[in-house]
Amino acid sequence: MPSNGAELYRLRVENAALRRDLESLREAQAMIAGLRDETERAFMFSVTLLAKAAELHDEETGNHILRVDRYAADLASRLELPAEFCREIGYSAALHDVGKMSIDSALLRKRGSLTGAERREMELHTEYGWQILRQSDRLRMAADIARCHHERWDGNGYPRGLSGEDIPLAARIVALCDVYDALRSPRPYKEGIAHEEVRDRLAAADGHFDP
């Protein structure tokens, strides 16, 4: 039988080893958390750059993408959607027009009405955006938004003529926020419209938005 002194010594050695292992584990966890935070910052920075790149063609949009992001996140929160949904739409909405990077810049800058062929080409930005974003699991919601934010509740939108709840919820939210900001914002060719009037216009746009 081992003496009490030998047993106590063994326990002390084991406890010291456990403390060292625990400290090593804490250091590893802190390092992993730091790497995770750094990766997340890099991801968000990349999303912002990609969204800004989509707007280089149009100097008149100002901070449109940032406002649509915030409107979308706020509206999702007011609808009491899950916190993760609200967080994700809060950066995904900014990428709704990323497909415009694949459209001829001369067409994007054209003043006045588009021809039929030009309009069909412009409408393809929804599919181009989906093709760009669907490659990333983290950007699946953004891909749905890019593809479907011009669909209409009554089925008369594009590119696929989806209707009602067949349109992804995130895209329905961004569709409303996108038009709201476009109407509210002043442009060289128009004044910004007051919130109350925009609200009334959107409410009267029968068949366009999710009721």
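This is a predicted model: local features need pLDDT of at least 70, side-chain atom pairs count only at pLDDT 80 or more; totals for chains, interfaces and linings use all residues.

Helix H8 (169-184) makes the greatest contribution to the lining of the largest cavity, giving 3 residues.

Cys-148 takes part in no disulfide, and the nearest cysteine sulfur, in Cys-177, is 16 Å away. Cys-86 is likewise buried, at a relative accessible area of 13%. The closest cysteine sulfur to that of Cys-86 also belongs to Cys-177, but at 12 Å it is too far for a bond. The structure as a whole holds 0 disulfides.

Helix H7 (140-148) also contains Ala-143. With a relative accessibility of 2%, Ala-143 counts as buried. Beyond its neighbours within four places in sequence, Ala-143 is in contact with Trp-130, Leu-133 and Arg-134. Trp-130 is 13 residues from Ala-143 in sequence, yet their C-alpha atoms are 4.6 Å apart.

Leu-133 leads on to the largest nonpolar core, which has 15 residues; Val-47, Leu-95, Leu-133 and Leu-139 are the members that touch the most others. Helix H1 (4-54), helix H6 (125-133) and helix H7 (140-148) each give two or more residues to this core, and H1 gives the most, with 4 residues. Val-47 touches Tyr-91, Leu-95 and Leu-139, when residues up to four places away in sequence are not counted. A second, separate core consists of 13 residues, among them Val-68, Ala-76, Ala-93 and Ile-173. In soluble globular proteins, nonpolar side chains tend to be buried together.

Helix H8 also takes part in an open feature, the second largest pocket, together with helix H2 (64-78) and helix H9 (195-204); each of these gives two or more residues to its lining. The volume of the second largest pocket is about 420 Å³. Of its 18 lining residues, Leu-75, Leu-176, Tyr-180, Arg-199 and Leu-202 are the closest to the centre. The lining of this pocket comprises 11 nonpolar, 2 polar and 5 charged residues.

Two features of the backbone complete the description. Most residues other than glycine have a negative phi, and most peptide bonds are trans. In the loop between H7 and H8 lies Pro-159, which is joined to Tyr-158 by a cis peptide bond with an omega of about 15 degrees. Glu-80 is not a glycine but has a positive phi of about 60 degrees. Glu-80 is placed in the loop between H2 and helix H3 (83-92) and, at 72% relative accessibility, counts as exposed.

Terms used
Residues are numbered from 1 along each chain as its sequence is written. Side-chain values use heavy atoms; hydrogens and water are left out. On a 1 Å grid over the protein atoms alone, a cavity is a set of points where a 1.4 Å probe fits but cannot get out, and a pocket is an open set with protein on both sides within 12 Å along at least five of seven lines; lining residues have an atom within 4 Å of a point. Grid points are joined across faces, edges and corners, and a volume is the space filled by probe spheres set on the points. Ala, Val, Leu, Ile, Met, Phe, Trp, Tyr, Cys and Pro count as nonpolar, Asp, Glu, Lys and Arg as charged, and the others, Gly among them, as polar. A disulfide is a pair of cysteine sulfur atoms within 2.5 Å. Buried means under 20% relative accessible area, exposed over 50%, partly exposed in between (1.4 Å probe, protein chains only). A nonpolar core is a set of buried Ala, Val, Leu, Ile, Met, Phe, Trp, Tyr and Cys residues joined through side-chain atoms within 4.5 Å. Contact means heavy atoms within 4.5 Å.
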